[in-house]
Amino acid sequence: MITYKLYEPMKEHLSFACGGNAKFFVEPKNTEELIKVIKDCKKLKRKYFMLGNGTNTLCPDEGYNGVVISTKKFQNVLLTKYNDKVFIAVDAGVSLFKLNKLLADLGIDGLEWSYGIPGSIGGSVFMNAGAYGSEIFDFIDFVEVYYRGKTKKLKKEQINFSYRNGGLKGKVILKVGLKLISRMPQPVREKQLFYMKKRIESQPLNYPSAGSVFKRQDKIIPAEIIDKLGLKGAIIGGAKVSEKHAGFIVNVGSATTKNIIELMEKIEEKVLLENKVKLEREIIVMK
Ligand SMILES: Cc1cc2nc3c(=O)[nH]c(=O)nc-3n(C[C@H](O)[C@H](O)[C@H](O)COP(=O)(O)OP(=O)(O)OC[C@H]3O[C@@H](n4cnc5c(N)ncnc54)[C@H](O)[C@@H]3O)c2cc1C
């Protein structure tokens, strides 16, 4: 039997720690249950939203009038080794923290740059998450999706991904296949800690946020522009432009989603007016 929670507070599932309730909230245990939930949504004409770790997502204050489907229970990792090459099939709900821990234990190289990104692998592929010159699609072999009533294994070449966009809109990510290289455990852990230290030094990790709010565009670095415009510390309600990293908006108290959206709009207007740059948002609002 599939259990749905009613009027689930989304602030408990989103790293921004704000927003209203989801009318229905469900954590399918396996692909069969997930497909059943989606089919039921279609039959009952209910909209649905796929949720990983909620670290790039906002829920409107008035709530989400549909079904939020969490991938938290999709947690298997299957690993195959050929000499120093490693193929890993990771269920959508596995967090990058868990995956990195496993890779460090086994001495498998490649994803250290992602240590500290708090998302799930499913959300990270949907967003094509990246940092320090790498992105998740650099390591993708295939993505298994549920789309138009069918499960399909898409090879990397079949996916139209781009910067911070996995090109999988409308598709449900079930599993992700990665191609990595096997090395010695110690350097992997050391590299992970190196990247984590960089994050701790540069990011406001003591406040709820969803990471960088705006996407980079070629040579345009939103955080630099925002900083130069003197917007660090700008505040609307409980939403504030971080003093530590101008690319982050943080929840310094009881921010509402409206506060965060209004602050994003204020930044966008000022950057357009002063720099003639149209910022693109990285953050997703459930709708
Ligand atoms: C402190 C902090 C630091 C961060 N640093 C970085 C960084 O360095 N680089 C970076 O790129 N991002 C960063 N982020 C943002 C975020 O962690 C990433 O975008 C992450 O990959 C999102 O994963 P998630 O599981 O939390 O996604 P969610 O927020 O749960 O979802 C994001 C999007 O993916 C979709 N989605 C999730 N799972 C699935 C699925 N199984 N099938 C289909 N669609 C799905 C959702 O519908 C939504 O549209 C940071 C965030 C925080 C809070």
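**Cysteines, a serine and a domain contact**

Start by selecting Cys 41: this residue counts as buried, at 2% relative accessibility. Note that the model is predicted.

Next, show Cys 18, which is also buried, with a relative accessible area of 3%. Its sulfur is 8.6 Å from the closest cysteine sulfur, in Cys 59, so the two are too far apart for a bond. For Cys 41 the nearest cysteine sulfur is again that of Cys 59, 16 Å away, and Cys 41 is in no disulfide.

Now select Ser 95, in the loop between β7 (85–91) and α2 (96–106). Is Ser 95 buried or exposed? Its relative accessibility is 17%, so Ser 95 counts as buried, the cut-off being under 20%. Leaving out residues up to four places away in sequence, Ser 95 touches Asn 53, Gly 119 and Ser 120.

Then colour by domain: domain 1 is 4–70, domain 2 is 77–192 and domain 3 is 206–285. The C-alpha centres of domain 1 and domain 2 are 23 Å apart. Their contact involves 11 residues from domain 1 and nine residues from domain 2.

Between them, domain 1 and domain 2 bury about 820 Å², with 67% of it on carbon and sulfur atoms. Select Ile 35, Asn 53 and Thr 55, which supply 42% of the area that domain 1 buries against domain 2, more than any other three residues. Between these two domains there are zero salt bridges and one residue pair in polar contact.

Finish on α1 (31–43) and β3 (48–51), each of which supplies at least two residues of the side of domain 1 that touches domain 2. The largest share of that side, five residues, comes from α1.

Terms used
Residues are numbered from 1 along each chain as its sequence is written. This is a predicted model: local features need pLDDT of at least 70, side-chain atom pairs count only at pLDDT 80 or more; totals for chains, interfaces and linings use all residues. Side-chain values use heavy atoms; hydrogens and water are left out. A disulfide is a pair of cysteine sulfur atoms within 2.5 Å. Buried means under 20% relative accessible area, exposed over 50%, partly exposed in between (1.4 Å probe, protein chains only). Helices (H or I, at least four residues) and strands (E, at least two) are DSSP runs, numbered from the N terminus. Contact means heavy atoms within 4.5 Å. Domain bounds come from an automatic or database domain assignment. Buried area is the accessible area (1.4 Å probe) that two parts lose on being put together, summed over both. A salt bridge is a side-chain nitrogen of Lys or Arg within 4 Å of a carboxyl oxygen of Asp or Glu. A polar contact is a pair of N or O atoms within 3.5 Å; within protein, one must be able to donate a hydrogen and the other to accept it, and residues adjacent in sequence count only if both atoms are side-chain atoms.
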